[in-house]
Amino acid sequence: MKIRNGFVSNSSSSSYLVPLNSFDTVFDLAEKIIDIRDEDWKDTGESPDLNTMKNLQRAKKNGISQDTPVQFSTWNYATWIKKTDKGFLVETCNNHYEISQMMDECGAKYGEDYHDLWLEEYKLGSSSNFFGERFYFLEIEKFGHKKYIKESGGETSEWCSKIGGKGYKCNNSILVLDDGTEICTKCEGLGELE
Ligand SMILES: [Zn+2]
């Protein structure tokens with residue numbers, strides 16, 4: 001990753017609440033973020049061929065509702081976008097500087113996570129929680145949700161614990177597809193997802 005002006009070296013996730021009048025649909029907002037991601041990856045020469053944009057266009061052509069919640073790969077953490085009545089809720093990675101710039105420009109509220117955005121109805125464990133809902137995973141063109149397990153303090157996402165070639169634990173979250181298949185898309189070679 002090229003070090004940019006404003007590049008956040010402490011890689012973590014960021015959440016935004018994007019005003020509803022900034023974009024027509026979830027897909028429009030996703031397109032903008034994927035554009036930024038692809039430009040970033042072109043700059044670094046490390047661009048993985050994830051077909052994200054192509055798959056988004058195909059979803060449109062196939063008549064999938066353009067406000068369907070979507071998830072796709074970004075540099076370190078995946079990006080999740082869901083429309084709520086308060087705005088488009090975006091969980092993303094803070095390593096793409098232009099994403100935060102774009103969020104500033106459209107007056108999005110920032111929070112370290114969605115708890116900071118006063119979206120209590122989306123908290124973990126509620127029936128309408130952000131991640132419990134079905135998302136369309138753009139790289140694999142399948143619907144599913146993030147896997148959660150119960151722990152004493154509540155629910156937490158279940159992380160992949162495979163050891164990769166460099167001896168590190170994977171630590172991506174597990175995705176549960178509609179047919180019940182559980183996958184870590186990073187270990188399956190489909191890109192680095194949160
Ligand atoms: Zn993994």
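I started just after helix 2, where G63 takes a positive phi of about 80°. I note here that the model is predicted.

**Entry 1. Helix 2**

I then went back into the helix itself, which runs over residues 52-61. Which of its residues are buried? I found T52, N55, L56 and A59 buried. I looked at where these residues point around the axis: they cover an arc of only 105°, so they lie on the same side of helix 2. Next I looked up what covers them. The cover includes helix 1 (26-44), strand 2 (70-72) and strand 6 (135-137).

**Entry 2. The chain as a whole**

I stepped back to the whole protein chain and counted 3 helices and 11 strands. Read along the sequence, the pattern is β-α-α-β-β-β-α-β-β-β-β-β-β-β. The chain has 194 residues, and buried residues make up 45% of them. I also looked at contacts between residues at least 6 apart in sequence; 63% of these join residues at least 24 apart. The chain exposes about 9800 Å², and carbon and sulfur atoms supply 45% of that area.

I picked one pairing to follow in detail. Strand 7 (residues 142-146) pairs with strand 10 (residues 175-177) in the antiparallel sense, over 3 bridges. Within strand 10, V176 is the residue that stands opposite H145.

**Entry 3. Aromatic rings**

I turned to the rings and counted 4 aromatic pairs. One of them is W80 with F135, an edge-to-face pair at 4.9 Å centre to centre and 85° between the planes. W80 belongs to strand 3 (residues 79-84) and F135 to strand 6, so this pair ties together parts 55 residues apart in sequence. Are the two residues buried or exposed? W80 counts as buried at 0% relative accessibility, and F135 is buried with a relative accessible area of 0%.

I looked next at Y136 and F143. Their ring centres are 4.7 Å apart and their planes stand at 50°, so I logged the pair as tilted. Y136 counts as buried at 6% relative accessibility, whereas F143 is partly exposed, with a relative accessible area of 23%.

**Entry 4. C106**

Where is C106 placed? I found C106 in the loop between helix 3 (97-105) and strand 5. Its relative accessible area is 18%. The cut-off for buried is under 20%, so C106 is buried.

I then looked up which residues C106 touches, leaving out those up to four places away in sequence. They are V18, P19, S22 and F23. I took F23 for a check on distance: F23 and C106 are 83 residues apart along the chain, and their C-alpha atoms are separated by 9.3 Å.

Technical notes
Residues numbered from 1 in each chain as written. Predicted model: local features only at pLDDT ≥ 70, side-chain atom pairs only at ≥ 80, totals over all residues. Heavy atoms only, no water. Buried < 20%, exposed > 50% of the residue type's maximum accessible area, 1.4 Å probe, protein only. Helix = DSSP H or I, 4+ residues; strand = E, 2+ residues; numbered from the N terminus. Arc of directions from axis to C-beta. Contact = heavy atoms within 4.5 Å. Pairing = 2+ DSSP bridges. Areas by Shrake-Rupley, 256 points an atom, 1.4 Å probe, with all protein chains shown as cover. Phe/Tyr/Trp six-rings, centres within 6.5 Å; stacked < 30°, edge-to-face > 60°.
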